[in-house]
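Dear colleague,

I am passing on a structure that I would like you to look through. My notes on the helix packing, the nonpolar core and the salt bridges follow below it.

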Amino acid sequence: MSQTTLTTLSPDWPCQVKSPGNPDWERTATRWLRDLLPARYAAYSTLTRHPALLARHAQLQLQYEMRAVQVAMCTSRAELPTMGMVEAVIENTIRLYAVELEQLSRLARGVRLVTEALVSQRRR
């Protein structure tokens with residue numbers, strides 16, 4: 001079984017992206033990756049014309065988003081009371097950040113798999 005086949009069998013492979021080797025799989029990967037970035041990045045044709053470059057940028061974007069959520073979660077108990085937030089709101093906020101961190105981690109795993117498949121295809 002090839003590496004490409006293994007990556008598509010992973011539960012972390014994004015359902016919005018067709019498996020490598022299928023028609024239009026790169027187009028679905030590009031669309032999914034582009035949707036992970038802020039809308040203003042759609043204007044940069046260099047990113048959308050080069051899916052592996054787009055994937056790299058999506059990886060970086062997710063890393064920074066994860067750091068921001070981690071900081072927000074770690075500082076919630078110290079900073080939110082000074083903003084007048086009650087304990088119940090603080091606890092709900094921390095839970096929200098934990099859920100978001102898990103979602104971002106799942107997306108990051110999917111981006112890594114898509115990146116590996118894109119780079120593998122380019123090397124052939």
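In what follows, axes are lines fitted to C-alpha atoms, for helices over the stretch in contact, and angles run from 0 to 180 degrees between N-to-C directions. Helices themselves are DSSP runs (H or I, at least four residues), numbered from the N terminus. This is a predicted model, in which local features need pLDDT of at least 70 and side-chain atom pairs count only at pLDDT 80 or more, while totals for chains, interfaces and linings use all residues. Residues are numbered from 1 along each chain as its sequence is written, and side-chain values use heavy atoms, with hydrogens and water left out.

Helix packing

I begin with H2 and H4, whose axes come within 9 Å and cross at roughly 30°. That angle makes H2 roughly parallel to H4, given that angles under 35 degrees count as roughly parallel, over 145 as roughly antiparallel, 65 to 115 as roughly perpendicular and the rest as oblique. H2 passes H4 in a left-handed crossing, a term used if the near helix is turned anticlockwise from the far one by less than a right angle, with right-handed used if it is turned clockwise.

Helix H4 (residues 51-79) also meets helix H5 (residues 87-123), and here the axes come within 9 Å and cross at roughly 160°. H4 and H5 are therefore roughly antiparallel to each other, and their crossing is left-handed. The residues of this contact of H4 with H5 divide into 20 nonpolar, 6 polar and 7 charged, where Ala, Val, Leu, Ile, Met, Phe, Trp, Tyr, Cys and Pro count as nonpolar, Asp, Glu, Lys and Arg as charged, and the others, Gly among them, as polar.

H2 and H5 pack at an angle of about 140°, with their axes 11 Å apart. H2 and H5 are therefore oblique to each other, and the crossing of this pair is left-handed.

The nonpolar core

A nonpolar core is taken here as a set of buried Ala, Val, Leu, Ile, Met, Phe, Trp, Tyr and Cys residues joined through side-chain atoms within 4.5 Å. Buried means under 20% relative accessible area, exposed means over 50%, and partly exposed is in between (1.4 Å probe, protein chains only). The largest such core has 24 residues, and those with the most contacts inside it are Trp13, Val17, Trp25, Trp32, Leu33, Val111 and Val114. The elements that give two or more residues to this core are H2, H4 and H5, and its largest share, 8 residues, comes from H5.

Valine 111 has its place in helix H5 and counts as buried, at 0% relative accessibility. Between valine 111 and tyrosine 41 there are 70 residues of separation in sequence and 17 Å in space, C-alpha to C-alpha. Alanine 117 is likewise found in helix H5 and is buried, with a relative accessible area of 3%. Alanine 117 and valine 99 are 18 residues apart in sequence, and their C-alpha atoms are 28 Å apart in space.

Salt bridges

A search of the whole structure finds 5 salt bridges, each being a side-chain nitrogen of Lys or Arg within 4 Å of a carboxyl oxygen of Asp or Glu.

Arginine 77 forms one of them with glutamate 91, the closest N and O atoms being 2.3 Å apart. This pair links distant parts of the chain, with arginine 77 in helix H4 and glutamate 91 in helix H5, 14 residues apart. The side chains of arginine 77 and glutamate 87 also meet in a salt bridge (3.5 Å, N to O). Glutamate 87 lies in helix H5 and arginine 77 in helix H4, so this pair ties together parts that are 10 residues apart in sequence. Arginine 77 is partly exposed, with a relative accessible area of 48%, glutamate 87 is partly exposed at 48%, and glutamate 91 is partly exposed at 22%.

Arginine 109 and aspartate 12 meet through their side chains in a further salt bridge (3.2 Å, N to O). Arginine 109 lies in helix H5 and aspartate 12 in the loop between helix H1 (3-9) and helix H2 (25-36), so the pair ties together parts that are 97 residues apart in sequence. Arginine 109 is partly exposed, with a relative accessible area of 27%, and aspartate 12 counts as partly exposed at 24%. Asp12, Glu102 and Arg109 are linked in a network of salt bridges.

With best wishes
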